[in-house]
Structures are given as C-alpha cells and as structure tokens.
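Colleague: Hi! Could you walk me through the charged pairs and the packing in this one?

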Amino acid sequence: MRLFEPTKWLDRRNFGELVLNYLTMGNGYLERRDNMAGRPLRLVHSPAIHTRRGREEGSYFWVPRWQEATEFAPGSVFQLFEPDLAQEIYGIPEYLSALQAAFLNEQATLFRRRYYQNGSHAGFVFYLSEPTMSDEDADAIEDALEDSKGVGNFKNLFIHAPGGKKDGVQILPIGEAAAKDEFLSVKETTRDDILASHRIPPILLGVVPKNAGGFGNIVEASNTFHYTVIEPLMMRTLEINDWLGVEAVKYRDFVPISKNGTYPVEA
C-alpha cells in the first residue's frame, strides 16, 4: 500500500481490500464497471468470502447466503488467487500448513485462562498436628488464611506455639500443575511455525529475542523482506493490468532504508 499509486480505474480502498482478501483467503476479486461506451470505468472489490465461480469460464456469482446468488456480468470479474496443486478453481493461502500450529497456540492460551479462572490451582496444604494448638487457635489460623485472599492481600502468617514439636506445623505444596502443560514451550514453538509460514522476520514483529545477539539488523531485515516477499506479491497484482488491458495497478520505485536507519523521503 505504501508504494501503490492510485489510478482512475483503481483507488486505494478497493486495492487495499483486494490485497487483504488475497493474503487472507488466497483469493481476491475485482469487478469491472464499464461506462456507456463499454470501456473500463473503475474496478470495485468484491469480498472473497461471498464471491463464487460459475461453471462457465468467466462466470462469477455474489452469494451472501445459501441458495441466494446474483450473477455478475459475464467476463466482468477478475480473480487473483494463489495456485493450488490439486485444482484450478480457487486459490488457497500459503499459511494453510501452519493452521494446526495456530490452533495449538489458541488451545494453550485458552487452557491457561481456564486454569486460572476455575480456581483449581491450590497452592499448598496447611498441615497442623501441633498438640499445643487449641481448636480456637486452629480457627484463628483458618480465618487469617481466608482474609489473606483477594487483590493486594499478600500477607504473612505468624504462629506462636511455645514448646511445640518440630513438625507440628507443615506447609505441603501440592505441585506445579501449571508447569506440566509446557505453556511457554508450546507458545514459542507454535509462534516460530506461524512466522515461518509467513516468512516474516521476527524483528519486524517486535518479538523479544531470547539470546544476547538478538535477531540482527532491522534495516537489513526490512529491505530483504521487501525484495524476497513483498515485491513478488506486487508482481502478482500486475496480472490485473494484463486482464484489463490498461495500467490500473502502478507502484512507485522502492527505495531501501539506508544503513543508518534513515527512511527514504517519498515524493
């Protein structure tokens, strides 16, 4: 979007919606609106989630609900799609292979939230077998523990038992159930899988590095990301010009960020 130049056929809004649908759904659609002379007047984006191909070549339908379809004018819709090895009708997004990692990441987060919400993560067992402690003392300790719960109530507990035995009062931890689900390991592994599917350098997403060296130079990562990922996507959108017969999609020349981190001044 930063390098896109609006034309009389395609404005920023419709182009941005096309790109978002293409990257998310693997399919992007533009409807050609003609003037009275039959020449292209402008291109309007059609959401991929409700646009369907027909049986005939160049036939497309707007299907907002089941069994509710409106056909576009024949030959008036352009489809930009990611190739699929199994068929030539619809495209599939490149990140499809990382969906299982995304689902695992979601389930790990939901499990941790439910774990804290249901209140089943008991911290310890307070074992009292001291014979010098009366029932009134035990009730007072129980009340003190109850009062220590709540926001901002991290309190210490004092017990006075003269002549008591060594193990008359014990604090027995139940166990770290939260550590057994390997939450942090799952989150980091699934994050790496998702990043790899999109080929985005972690430094461009604000991921905190675990090592002292970090992720390298952000300027080099940004420039490399443009040449290896963004520019090939830009080349794909030029197929619109081949279909329409006019230069509806235009881009400014890319100027790399300088080594000292200075951004280029756009004309």
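This is a predicted model: local features need pLDDT of at least 70, side-chain atom pairs count only at pLDDT 80 or more; totals for chains, interfaces and linings use all residues.

Modeller: Happy to. Residues are numbered from 1 along each chain as its sequence is written, and side-chain values use heavy atoms, leaving out hydrogens and water.

Colleague: Got it. How many salt bridges are there?

Modeller: There are 8 salt bridges, taking a salt bridge as a side-chain nitrogen of Lys or Arg within 4 Å of a carboxyl oxygen of Asp or Glu.

Colleague: Which residue does R33 pair with?

Modeller: R33 pairs with E31, at 3.2 Å from N to O.

Colleague: And is E31 buried or exposed?

Modeller: E31 is buried, at 16% relative accessibility, while R33 is partly exposed at 32%. Here buried means under 20% relative accessible area, exposed means over 50%, and partly exposed is in between (1.4 Å probe, protein chains only).

Colleague: Which pair links distant parts of the chain?

Modeller: E82 and R236 do, and their salt bridge is 4.0 Å from N to O. E82 sits in the loop between β7 (77–81) and α2 (99–117), whereas R236 is in helix α5 (residues 218–237), 154 residues apart. Helices (H or I, at least four residues) and strands (E, at least two) are DSSP runs, numbered from the N terminus. E82 is buried, with 10% relative accessible area. Through shared partners, salt bridges join E82, R236 and E239 into one network.

Colleague: Changing topic: how many residues are in the largest nonpolar core?

Modeller: It has 14 residues, and L10, F15, L30, L43, I240 and V249 have the most contacts inside it. Such a core is a set of buried Ala, Val, Leu, Ile, Met, Phe, Trp, Tyr and Cys residues joined through side-chain atoms within 4.5 Å.

Colleague: Which element gives the most to this core?

Modeller: α1 does, with 3 residues. α1 (12–25), β7 and α6 (239–244) each supply at least two.

Colleague: And what does V249 touch?

Modeller: Leaving out residues up to four places away in sequence, V249 touches F4, L10, F15, T237, L238, I240 and N241, where contact means heavy atoms within 4.5 Å.
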